Amino acid sequence: MPAQTPANAATTSIDKALEVCEVLSGSPRGLSLSELARAVRQSPSTVHRLFGLLKRRGYVRHDEETPRYGLTLKMLVLS
């Protein structure tokens, strides 16, 4: 198995973040951290890190009343 280069690591992180967005796009009510971690087969800590990045960039929102995350309308800006 080849050693992972920084470029491969970035691609892997991008793949994971996009997968999170794709799964969230199919859940209008949003998903909890643990639900999403199961859906994308990643550890909760990995998904939490991805949520932090996507939230800072404005693509994901966290509902403070329920422990659910969902996409924001900023995703439409990309289209």
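**Questions on a predicted protein chain**

Visitor: Why is Arg41 called exposed?

Guide: Arg41 has a relative accessible area of 70%. A residue is buried under 20% relative accessible area, exposed over 50%, and partly exposed in between (1.4 Å probe, protein chains only). The value of 70% is over 50%, and therefore Arg41 is exposed. The model is predicted, so that local features need pLDDT of at least 70 and side-chain atom pairs count only at pLDDT 80 or more, while totals for chains, interfaces and linings use all residues. Residues are numbered from 1 along each chain as its sequence is written, and side-chain values use heavy atoms, with hydrogens and water left out.

Visitor: Why is Ala37 called buried?

Guide: Ala37 has a relative accessible area of 5%. This is under 20%, and therefore Ala37 is buried. Ala37 is placed in helix H2 and touches Gln42, Ser43, Pro44 and Val47, not counting residues up to four places away in sequence. Contact here means heavy atoms within 4.5 Å.

Visitor: Why is Arg49 called partly exposed?

Guide: The relative accessible area of Arg49 is 46%. Arg49 belongs to helix H3, and its C-alpha atom is separated by 9.6 Å from that of Ala17, 32 residues apart along the chain.

Visitor: How do you know whether Leu73 is buried or exposed?

Guide: Leu73 has 66% relative accessibility. As this is over 50%, Leu73 counts as exposed. It is placed in the loop between strand S3 (68-71) and H4. Leu73 and Val60 are 13 residues apart in sequence and 8.9 Å apart in space, C-alpha to C-alpha.

Visitor: Which residues touch the most other members of the largest nonpolar core, and what makes a set of residues such a core?

Guide: A nonpolar core is a set of buried Ala, Val, Leu, Ile, Met, Phe, Trp, Tyr and Cys residues joined through side-chain atoms within 4.5 Å. The largest one has 15 residues, of which Val20, Leu24, Leu36, Val47, Phe51, Leu54 and Val60 touch the most other members. H1, helix H2 (33-40) and H3 are the elements that give two or more residues to this core. In soluble globular proteins, nonpolar side chains tend to be buried together.

Visitor: By class, which residues make up the lining of the largest pocket?

Guide: The lining has nine nonpolar, one polar and no charged residues. Ala, Val, Leu, Ile, Met, Phe, Trp, Tyr, Cys and Pro count as nonpolar, Asp, Glu, Lys and Arg as charged, and the others, Gly among them, as polar. A pocket is an open set of points on a 1 Å grid over the protein atoms alone, where a 1.4 Å probe fits, with protein on both sides within 12 Å along at least five of seven lines; lining residues have an atom within 4 Å of a point. The lining residues include Ser13, Ile14, Tyr59 and Met75. H1 gives the most to this lining, with five residues.

Note on methods
Helices (H or I, at least four residues) and strands (E, at least two) are DSSP runs, numbered from the N terminus.
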